[in-house]
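Please take a look at the following model before reading on. The text then goes through a side-chain pair, the core and a pocket.

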Amino acid sequence: MPARLRSIKRAAAKFNISISKPSRGSHWQCRRDGHRMYTIPAHNGLRSEISDKYIAAFCRHFGLD
C-alpha cells in the first residue's frame with residue numbers, strides 16, 4: 001500500500017533512520033549508522049506518495065519487517 005513520504009519519515013525516525021531533503025534534484029536521502037545511503041524519489045517533497053516497490057526496498061535495505 002503506497003504511503004506519503006511524511007508518514008515514512010515519521011516511522012523511520014523510530015528506527016533511528018534519518019530522511020533528509022536533497023540538496024538538488026528530487027531523491028531524498030535515507031541514512032542510518034552502519035548502512036549505506038538509500039534514496040527515495042519524491043518529486044513533491046513530503047507530500048509525495050511512495051510506491052510499494054520503494055517501501056519494500058527501503059525495508060529490505062535497513063533490515064526492517
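What joins the side chains of His43 and Ser26? A polar contact of 3.1 Å does, where a polar contact is a pair of N or O atoms within 3.5 Å, and within protein one must be able to donate a hydrogen and the other to accept it, with residues adjacent in sequence counting only if both atoms are side-chain atoms. The model is predicted, with local features needing pLDDT of at least 70 and side-chain atom pairs counting only at pLDDT 80 or more, while totals for chains, interfaces and linings use all residues. Residues are numbered from 1 along each chain as its sequence is written, and side-chain values use heavy atoms, with hydrogens and water left out.

Ser26 sits in the loop between strand 2 (18-20) and strand 3, and His43 in the loop between strand 4 and strand 5 (49-50); helices (H or I, at least four residues) and strands (E, at least two) are DSSP runs, numbered from the N terminus. The two residues are 17 residues apart in sequence and 5.1 Å apart in space, C-alpha to C-alpha. Ser26 is buried at a relative accessible area of 16%, whereas His43 is exposed at 65% (buried is under 20%, exposed over 50%, partly exposed in between; 1.4 Å probe, protein chains only). Leaving aside neighbours within four places in sequence, Ser26 is in contact (heavy atoms within 4.5 Å) with Ile40, Pro41, Ala42 and His43.

The largest nonpolar core has 15 residues, and Cys30 and Phe58 have the most contacts inside it. Such a core is a set of buried Ala, Val, Leu, Ile, Met, Phe, Trp, Tyr and Cys residues joined through side-chain atoms within 4.5 Å. Helix 1 (5-13), strand 3 (27-31), strand 4 (38-41) and helix 2 (52-62) each give two or more residues to this core. Beyond four places in sequence, the contacts of Phe58 are Ala12, Ile17, Cys30, Tyr38, Ile40 and Leu64.

Phe58 also lines the largest pocket, as do Phe15 and Leu64, among others. A pocket is an open set of points on a 1 Å grid over the protein atoms alone where a 1.4 Å probe fits, with protein on both sides within 12 Å along at least five of seven lines; lining residues have an atom within 4 Å of a point. Helix 1 and helix 2 each supply at least two lining residues. Phe15 lies in the loop between helix 1 and strand 2 and is partly exposed at 42% relative accessibility. Residues up to four places away not counted, Phe15 touches Arg32 and Leu64.
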